[in-house]
Structures are given as structure tokens and as C-alpha cells.
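Here is a short briefing to read with the model open beside you.

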Amino acid sequence: MRRWLTATLTATLIVSPPHSDQPKGDPLNGMTLAEKIGQMVVSYVYGGNATSVTAADAAANQAKFGSDVTTPAQAVAKYHLGGVIYFTWSDNLTGPAQIAGLSNGLQAAALADTGVPLQISTDQEGGVVNRIGAPLAVGPGNMAIGATFDPRNAYRAARVSGEELRALGITEVDAPVVDVNTNPQNSADGVRSFGDRTVPVSIDSAAAIAGYRAAGIGTQAKHFPGLGDTTVNTDNGVAVTDESRAEIVRTHVPPFVAAIAAGTTSVMAAHIVAPSLDASGAPASLSKPIITGLLRNQLHYHGVVITDALDAAALNGYTNEQIVVGAVNAGVDQLLMPRDVPGAIQALIDAVGNGTISESRIDQSVRRILATKTRDPIVGPTPVVGTPAHLATMADIAAHSITKLRGAGLPLRDGQNVLVTGWGASTTTNLASALGATRFYTGSPSDAVIAQAVTAARAADVTVVTTYNAWGDTAQQKLVNALLATGKPIVVASVGGPYDIASFPSAPSYLAAYDYQPVSITALAEVVQGKIKTTGHLPVTIKGVFPYGAGN
């Protein structure tokens, strides 16, 4: 694996050296302070078209950017935004042609304003964090890829996804997650991580970066200095790691070193609090000891650092001004999703004016950002995505990821009356359809729903029950244990973290799919039916139940 990775990274660096076509001269010449600070802001905008939006999206833009801003193009031009991030809830992601048109329209607005292309990004990690579905070729997530124990799959998935995103005018993917998932109860990473061991995660992370670079799209290695040890998602609250500095540097930092060596466009700073790295208790995104001291000075990273979303609940104890000024003083270059975009920009203008931040410090960040914007941002109006070759690649990776930890009663026999039940409305629908089975959806069930599922299981020859992070959901645990108590054949299939089996260790048949994307559910069904053999192995340890590498 290391020989292949070395060859791949070498070829990538030779073929596409970072920023090799940067124009000569000072790119900051003629830029105003407001324009430079605008380059440091990455925000969402509302609407599926750059210049024409619905009344609801116009009102949402006015609420966020001011009464004179109704369209995405106006937001880009007024605040000289350096980047825009796409979401479904902001009405940016309806379909390929629409997305490409929005991207081109936003680029036109940026180029007409400052002449600098816009960074356009989205969270398309594959697996459980995925913003754009079919007709794109959507792949399994990182832990599923880790379960193949082949870094070529990290490269292949990244290259396919990167090529399709690039065709939509998306210039940078908010991926890959390079955290080492050492805590099984991690609600921030979990299956978004390649696994729980540092070296394989580092190798897969570098391979993914190489794949994205080969596709011509930028990357964000996240979430520095690592979220793998926490239980709290910083979107929802304050996450703290009590690991020592030595533990963090030994376990969680190496994948970032690998990503940097592979040529990542940027590193995303997490909001995690790491007292062993910064005794002040500041989150990493606002910590000079972590961003400047560790990432820049100790790891010698001189590229772009972007924060995680600044509207996260982890930062509720800070004012908007404290966040943006603190982040820049910490060594951050890009501010992702400030709560108040106009206020964030004004806070930095004021900070320069009163000497809290020097303009040369702003210039340092802007130079780093501009150095990443060297490719032609305009794309064709009819993007080609979801090609047979791309779909086949993702299907092949998914097929090699399914992990069989126990296989009593598998594969199913022809003519059996099969019931599919459990977590996931679309998951159970897709799985039942693939198996030709009866479906009884439970979600996270009440006692009454569990009783109905048990009745249905007793009437079936075999039941396949899906679970999703049941380790944290006692209702799902109760459902599975009630089904097992029927004495009928039960196949448990986890479509989230593989750790669920620790909550029902007597299950005689247990498969780990690692995510619920249709490509993974199809592979899961084919394993259940005996159409393909399982080759995946656990990229994590399930303490007291299965060791790292288990599976056949």
C-alpha cells in the first residue's frame, strides 16, 4: 500500500504542482481592505440562480446580508466574498444543470467585482455526509473505504467524486475527514473517519487528497487537531479532549501531516477544546498555540487554514467579534459561515483600524487564498455526471466494503419469506425492494411499534433488521433484542458505525455496511442474497467483541 501511495503522490505532484500557474506580480495590488477581508469570508447564500430567486430566498438573503441584497450575485458583489458553500436547505442544489448554472453565475459576479474567482464548495464526503445525490455517482463513506483495506479505493472514490463536483462548478470539496476515530461513541466523526488506527487513516487520507487533486478540485483536510476522541459534535455543543499533548501528536496529528504532504488545499480548524495544547481553554479554531504554534510552526504548514462553521453551538459563548478577530489572530485565513457576515467583515476592518490586527496580517491570509485560485472556474452548461464507469467504480468499492462479522443463516435461500425492518425510511425501502421482501419500518421505535415488528417477524421466515448507531439509542437496542428473543432467524445489518453489535452481542448474524447510501444498500442486499462474497474487514476495534481487522 505504501509503495502504491508513494508512486501515486509522486505522479500527482509531477502532473499538477500546486499553484504552478500563479501570475507574476503582487496579486493584492489595487485591492481595497474591504475586498481583501471579503476574500477571507466563505458564506452560504440562498437561491438556485445567481441573479433570479424566489421571494422566500430573496427575503432570506435580505435577512442575512441586508435589505439591498436579494440575490446570491448581489451578496458576492457587495461583500466581495471569497467563497460560497452550497447546501440543500439554502436552495442551491436542485440538479446538475442548475448547480452548474448557479456556479457560473456566481463566478461572473465575483469576476466582475474583484476579478478574483470564487471558491465554491460543499460537503460531499460520501456516505452519511453527502449534499448531492443521484444522478451523481455517490460513493460509500470513509469508514466503508477503510474497511476495504486498499488505499486505491480512497483514491478512486475521491477522483470520481471530484470530477463530478468539478463539472458542477464546485472548486473545492469540504473533504476528506482525516480524523482518527478512537472513541466508539463519537457523534462528530464515527463512520466519517477511515478508522481508528493512525497509519491506515494517514495512508487513506493522503490517497484521497491525491484523488481529488487528480480530478482538479481543491480539498479541506478536517478537523485539526482531530475530533476522533470526542463524543460531542461541535455543531451541537462544546467538545473537549482530555488527551495529553503526546497522545494527540502521536495519534491524531499524523493524518494531517500526510494530507499536507499530499498537497491538500487547506486544513480545517475544529472548534474542539484541547487543554493539553492550549491551557486557556480556547477552541482550536481560536487558538494561537494550536493554529500558529502547532500547525504552522511545528508542522511547517503554510497553506490556507479555514475554520469549521462559525455558527456552531460550540462557539455560543463568544461574540461575533471575538470569534472572527480571535480566529485571525490565531492564524486562520478563511472564516466559514460567520453568524453575521456584514458584522464579521466590519469587525475585521475595525480591528485593522485600531491596530488589533495589522493589514500585513490580512495580506498574509489573502495571498494564501489567492494562490489557490488559479484554475478557470467556468464550466459547461450541461455537466456529465453519473457515467456508467463512475457508477461502476462506486459500486465496486461498496461491494468490497461490506463486512460479515457473523453469518448464521446467510446467504438467504430462494423462496424464503423475508421481512425488512428497523432504522431508516429510505434505507428499509431500498433494502426491501432489493431483497423482494416485506417492509415494516420502525425508526427509533416505541414499545407498541416493537410489538408490531415482533409479530411481523414471527410470521416471516427470516428478518433483516437495520440499525444506525444503536449504541446510543436504547429503543433500537430494545427492538433488536426483542426480535432475537423470538427465536426466528434474524440478520442484523448496521448502516452506521459497526459498534452496534456490542449492544446485542448474541446476534448470530451481523453485517456492517458503514452507511446507508443506495450503493451500499445494494451491496448489502447482494451479500445477503449470496450474489457477492464479503471481503471487508473492521477498520476499528469493537472492544470486547471483535478485534481490528475482523471479518470474512
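Two strands pair if DSSP finds at least two bridges between them. Helices (H or I, at least four residues) and strands (E, at least two) are DSSP runs, numbered from the N terminus. This is a predicted model, in which local features need pLDDT of at least 70 and side-chain atom pairs count only at pLDDT 80 or more, while totals for chains, interfaces and linings use all residues. Residues are numbered from 1 along each chain as its sequence is written, and side-chain values use heavy atoms, with hydrogens and water left out.

- With pairing that is mixed, 6 strands form an open sheet in the order 11-16-15-14-12-13.
- Strand 11 (403–407) and strand 13 (438–441) stand at the edges with a single partner strand each, so one side of each has no neighbour in the sheet.
- On average, neighbouring strands of this sheet are turned by 15 degrees against each other, direction ignored. Axes here are lines fitted to C-alpha atoms, for helices over the stretch in contact, and angles run from 0 to 180 degrees between N-to-C directions.
- Strand 11 pairs with strand 16 (residues 509–512) in the antiparallel sense over 4 bridges, and arginine 406 stands opposite tyrosine 510 in strand 16.
- Packed on the sheet is helix 18 (residues 474–484), which touches strand 12 (418–422), strand 14 (462–467) and strand 15 (490–494). The direction of helix 18 makes about 165 degrees with that of strand 14.

**Helix 17**

- Helix 17 (residues 447–459) has 13 residues and reaches 19 Å from its first C-alpha to its last, close to the 18 Å expected at 1.5 Å a residue. The expected span is 1.5 Å times one less than the number of residues.
- Which residues of helix 17 are buried? They are Ile450, Ala453, Val454 and Ala457, where buried means under 20% relative accessible area, exposed over 50% and partly exposed in between (1.4 Å probe, protein chains only).
- Seen down the axis, the buried residues of helix 17 fall within an arc of 105 degrees, so they line one face of the helix. The arc is that of the directions from the helix axis to the C-beta atoms.
- Ala448, Thr455 and Ala459 are exposed on the other side of helix 17.
- The cover over the buried residues of helix 17 includes strand 12, strand 13, strand 14 and helix 18.

**Salt bridges**

- The whole structure has 14 salt bridges, each a side-chain nitrogen of Lys or Arg within 4 Å of a carboxyl oxygen of Asp or Glu.
- Aspartate 363 bridges to lysine 36, with the closest N and O atoms 2.7 Å apart. Aspartate 363 lies in helix 14 (residues 359–370) and lysine 36 in helix 2 (residues 33–39), so the pair ties together parts 327 residues apart in sequence.
- Aspartate 363 is buried at 15% relative accessible area, and lysine 36 is buried at 5%.
- Arginine 192 forms a salt bridge with glutamate 125, again with closest N and O atoms 2.7 Å apart. Arginine 192 and glutamate 125 are both buried.

**Glycine 218**

- Glycine 218 lies in strand 7 (residues 218–224) and is buried, with a relative accessible area of 5%.
- Leaving aside neighbours within four places in sequence, glycine 218 is in contact (heavy atoms within 4.5 Å) with Thr171, Glu172, Val173 and Thr265.
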